[in-house]
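This report describes the fold of one protein chain.

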Amino acid sequence: MGEVSFEMPYTFRWIETTPHFDIVLLKLKKGFPIPPHNHPSTTGVALVISGSTCITTYELEDALHEVKRSALRVVKMSEFRAWDVSTLTSTRDNIHSVEALDDFCHIIDIFTPPKNFLKATIYPGLKNVGRCQ
Ligand SMILES: [Fe+2]
């Protein structure tokens, strides 16, 4: 599978896709966080394989508002280093942002069901993006 430049400088490399799950290599560059987004109806496992990352999770301040317009509240900010694992489910830690704390950070993501993570909602115009540093 080829390397796909999704939105530089994030780089995704599809390692495997099956009827049941995807395995994706994510390369992050310091200073270019992936903004808050969700992975609807998805369970995910993220294994940091090099560098370190800050993963911030959020909840909607008002779930009754249209999702894209609702403000987010930071739930927690956690630092992950090589060999640390972070997980999300459809109902836990699903809205999150990710940023490299070192020059580069590589993460193996496993998502089930497959292709669902491409249906992410990215939350625009957020003022409260969490930062570990
Ligand atoms: Fe994500």
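## Basis and terms

Two strands pair if DSSP finds at least two bridges between them. Strands (E, at least two residues) and helices (H or I, at least four) are DSSP runs, numbered from the N terminus.

The model is predicted, with local features requiring pLDDT of at least 70 and side-chain atom pairs counted only at pLDDT 80 or more, while totals for chains, interfaces and linings use all residues. Residue numbers start from 1 along each chain as its sequence is written.

## Overall make-up

The protein chain has zero helices and 10 strands. Of its 133 residues, 24% count as buried; a residue is buried if 20 or more other C-beta atoms lie within 10 Å of its own, exposed if 12 or fewer, and partly exposed in between, with C-beta atoms placed from the backbone.

Two residues are in contact if their C-beta atoms, placed from the backbone, lie within 7 Å. Among contacts between residues at least 6 apart in sequence, 76% join residues at least 24 apart.

Strands of a sheet pair through backbone hydrogen bonds, either parallel or antiparallel. Here an open sheet of four strands runs in the order β4-β9-β6-β7, and the pairing is antiparallel. β4 (34-37) and β7 (72-81) are at the edges with a single partner strand each, so one side of each has no neighbour in the sheet.

Strand β6 (residues 52-60) is joined to β9 by six bridges, and Thr-57 stands opposite His-96 in β9. Two bridges join β4 to β9, with Ile-34 having Val-98 as its bridge partner.

## Strand β9

Six of the six residues of β9 are buried, so the strand is largely enclosed by the rest of the structure. Ile-95, Ser-97 and Glu-99 point one way from β9, while His-96, Val-98 and Ala-100 point the other way.

## The nonpolar core

A nonpolar core is a set of buried Ala, Val, Leu, Ile, Met, Phe, Trp, Tyr and Cys residues joined through C-beta atoms within 7 Å. The largest one has 11 residues, including Val-24, Phe-80, Val-98 and Cys-105. At least two of its residues come from each of β3 (22-29), β5 (43-50), β9 (95-100) and β10 (104-112). β3 supplies the largest share, three residues.

Leaving aside neighbours within four places in sequence, Cys-105 is in contact with Leu-28, Val-48, Ser-50, Gly-51, Ser-52, Thr-53 and Ala-100.
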